[in-house]
Amino acid sequence: MSGIDQDWWRGAVIYQIYPRSFADSDGDGVGDLPGILARLDHVAGLGVDAVWLSPFYASPMRDFGYDVADYCAVDPVFGTMDDFDRLVARAHALGLKVITDLVFAHTSDRHAWFEESRRSRENPKADWYVWADAKPDGSPPSNWQSVFGGPAWTWDARRGQYWMHNFLPEQPQLNTHRPEVQDALLDVARFWLERGVDGFRLDAINFGMHDPALIDNPPAPPGGKRTRPFDFQLHLHNQSQPGLIGFMKRIRALTDAFPGRFTVAEIPGEGAEAEMQAFTEGADRLNSAYGFNYLYADALTPGLVRTAAGAWDGRAGQGWPSWTFSNHDAPRAVTRWAAGRDPRAVAEVAMLLLTCLRGTAIIYQGEELGLPQGEVPFERLVDPEAIANWPETLGRDGARTPMPWRGEAPFAGFSTVEPWLPVDPRHPALAVDGQTTDPGSMLATTRRLIATRRATACLRTGDMTVIQADDDLLVFERSLGGERRLCAFNLGFAVRDWSAPEGWAVVDSVGARDGDGLPPLGGRVLAPA
């Protein structure tokens, strides 16, 4: 055990795989574990440290795997447990860690725990979920609203009570106030740790505990875009309860019993920054957390970077941040941040910035290719949130369209049949096979930038000091011991008058190099000359 790098995740680069959309091995139009296994060489070739697999557990797929019916089984659409074991073994042989999703805030309504819980008010699992009586007039117990629209309560005639759900009605809320529920969830984590998993991403874990008093949420202040009833409230009571810290400590104690394991929390919502800090403070809570600082940002600005970085200044006792610009829940950054500019230039400057930030970097499948958000017509939408709120909510389908592997193959080489989501017609031209042989491709740029980060200690784990962050120009320094790097970015639309300070020389860059100044969407990394 002495040879295990306990802190391998500090400054690591993690590659997120959304299994349904990565590679289909059996011709059913849905990606699967053998498909991932067949493409692991591509992932390892990027130079990343780990892969994060979105859920592949048994599920009715009402929320495409985030409604888990059996935490310790592989859904047949994705393969078998043997397929999973082979994937882990191959990943480890390639030097890749494997991180899986744990969805501990809720289960599917098809989970055996919930099926038992709803039978009566007296059975052994009666209080494993959040049940409550109706108000005297029959209305729900509180005014809480679900993320996907409508009340966070659904009536059950058998128990004569409402069950709570922060998302779909088919995703009943676990009552993690109960120690026996926490015990059962820890047993799930232990099951996967014993199979060789290297860590967990904890899905929306700040939704994992409610206020037992069922106090109504207050209205949100006026302003901001509101497309769902959920947006009209401050979520003080349906989530983000203090008792979650104790549960985080129990998770950390378990993972610490398996050397070198990593935990990262996903923290959505308005109060994410404070929760990220609280969930990772000290040595007995989670290793890291990420919020939605960049994921839902309409523009990439110096001010956004300054604010996010400033909250994670490395003070004593502070946890370690993780950053991601795109994932399976958010529109791809290339599209969100282009604002009429060249998508390739946006992709390059975003990748350079991500690999220069202090924290762990998470790359979503397709970012290494510069994929724009997929266009999915209404009749092909499957995301329940997108369908319910169309066209006001872009939804998640456009970020989940199939990965393009071969530009000239049917369905871009993802499958031999029509996939579960359509292949965007712009994506085959950006397929892996075409970019692999092009030294000037976005794929080649991604590999180079990841290699630079891995080879430069101060970019992985050094301090970060923001020097300038005005409307367009972002300049910060990374330092560790005697090693220093100066990172400069023009995130605007016009050339900025900026040049390398005396004593510094450019060692890596993206964007145009002709002429004076720093061009729009240009980025430079400099080292002492």
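Colleague: Which helix gives the most to the lining of the largest cavity?

Modeller: Please bear in mind throughout that this is a predicted model. The largest cavity holds about 90 Å³ of space. Helix H9 (333-338) and helix H10 (343-356) each supply at least two residues of its lining. The helix that gives the most, with 3 residues, is H10.

Colleague: How many residues of the lining of the largest cavity are charged?

Modeller: The lining includes Ser326, Arg332, Glu367 and Met442. By class, the lining has 7 nonpolar and 3 polar residues, and the number of charged ones is 2.

Colleague: Where does the largest share of the lining of the second largest cavity come from?

Modeller: The second largest cavity has a volume of about 60 Å³. Its lining is made up of Leu300, Trp337, Arg341, Val346, Val349, Ala350, Leu491 and Leu521. By class these are 7 nonpolar, no polar and 1 charged residues. The largest share, 3 residues, comes from H10.

Colleague: How many cavities of 30 Å³ or more does a search of the whole structure find?

Modeller: Rolling a probe the size of a water molecule over the atoms shows where empty space is left. For cavities of 30 Å³ or more, the search of the whole structure gives a count of 4.

Colleague: Turning to the open space, which helix gives the most to the lining of the largest pocket?

Modeller: About 1,800 Å³ of space lies in the largest pocket. Of the 50 residues that line this pocket, the closest to its centre are Arg228, Asp231, Gly269, Glu270 and Tyr296. The lining divides into 19 nonpolar, 15 polar and 16 charged residues. The helix that gives the most to it, with 3 residues, is H7 (residues 272-280).

Colleague: What covers the buried residues of H7?

Modeller: The buried residues of H7 are Ala272, Glu275, Met276, Gln277, Phe279 and Thr280. After H7 comes glycine 282, with a positive phi near 75°. The elements that cover the buried residues include helix H6 (244-256), strand E11 (288-290) and strand E12 (320-324).

Colleague: How far apart are the end C-alpha atoms of helix H3?

Modeller: Helix H3 comprises the 13 residues 81-93. At 1.5 Å a residue these should span 18 Å. The end C-alpha atoms agree with that expectation, since their separation is 18 Å.

Colleague: Why are the buried residues of H3 on the same side of the helix?

Modeller: The buried residues of H3 are Met81, Asp83, Phe84, Leu87, Val88 and Ala91. They lie on the same side of H3 because the arc they cover around the axis is only 155°.

Colleague: Is methionine 61 buried or exposed?

Modeller: Methionine 61 is found in the loop between strand E3 (57-58) and E4. Its phi is near 65°, a positive value in a residue other than glycine. With a relative accessible area of 14%, under the 20% cut-off, methionine 61 is buried.

Colleague: Where is the place of leucine 214?

Modeller: Leucine 214 has a phi near 55°, a positive value in a residue other than glycine. Its place is in the loop between strand E9 (199-202) and helix H6 (244-256).

Colleague: Which residues is glycine 517 in contact with, leaving aside its neighbours within four places in sequence?

Modeller: Glycine 517 lies in the loop between strand E17 (504-510) and strand E18 (522-528), and at 26% relative accessibility it counts as partly exposed. Its C-alpha atom is separated by 4.5 Å from that of aspartate 497, 20 residues apart along the chain. Leaving aside the neighbours within four places, the contacts of glycine 517 are Val495, Arg496 and Trp498.

Colleague: What separates the C-alpha atoms of proline 377 and glycine 398, in Å?

Modeller: Proline 377 is found in the loop between strand E13 (360-364) and helix H11 (384-389). At 35% relative accessibility, proline 377 counts as partly exposed. Proline 377 and glycine 398 are 21 residues apart along the chain, and their C-alpha atoms are separated by 9.6 Å.

How values were computed:
Residues numbered from 1 in each chain as written. Predicted model: local features only at pLDDT ≥ 70, side-chain atom pairs only at ≥ 80, totals over all residues. Heavy atoms only, no water. Helix = DSSP H or I, 4+ residues; strand = E, 2+ residues; numbered from the N terminus. Expected span 1.5 Å × (residues − 1). Buried < 20%, exposed > 50% of the residue type's maximum accessible area, 1.4 Å probe, protein only. Arc of directions from axis to C-beta. 1 Å grid on protein atoms, 1.4 Å probe; cavity = no way out; pocket = protein on both sides within 12 Å on 5 of 7 lines; lining within 4 Å. Points joined across faces, edges and corners; volume = space filled by probe spheres on them. Nonpolar A, V, L, I, M, F, W, Y, C, P; charged D, E, K, R; others polar. Contact = heavy atoms within 4.5 Å.
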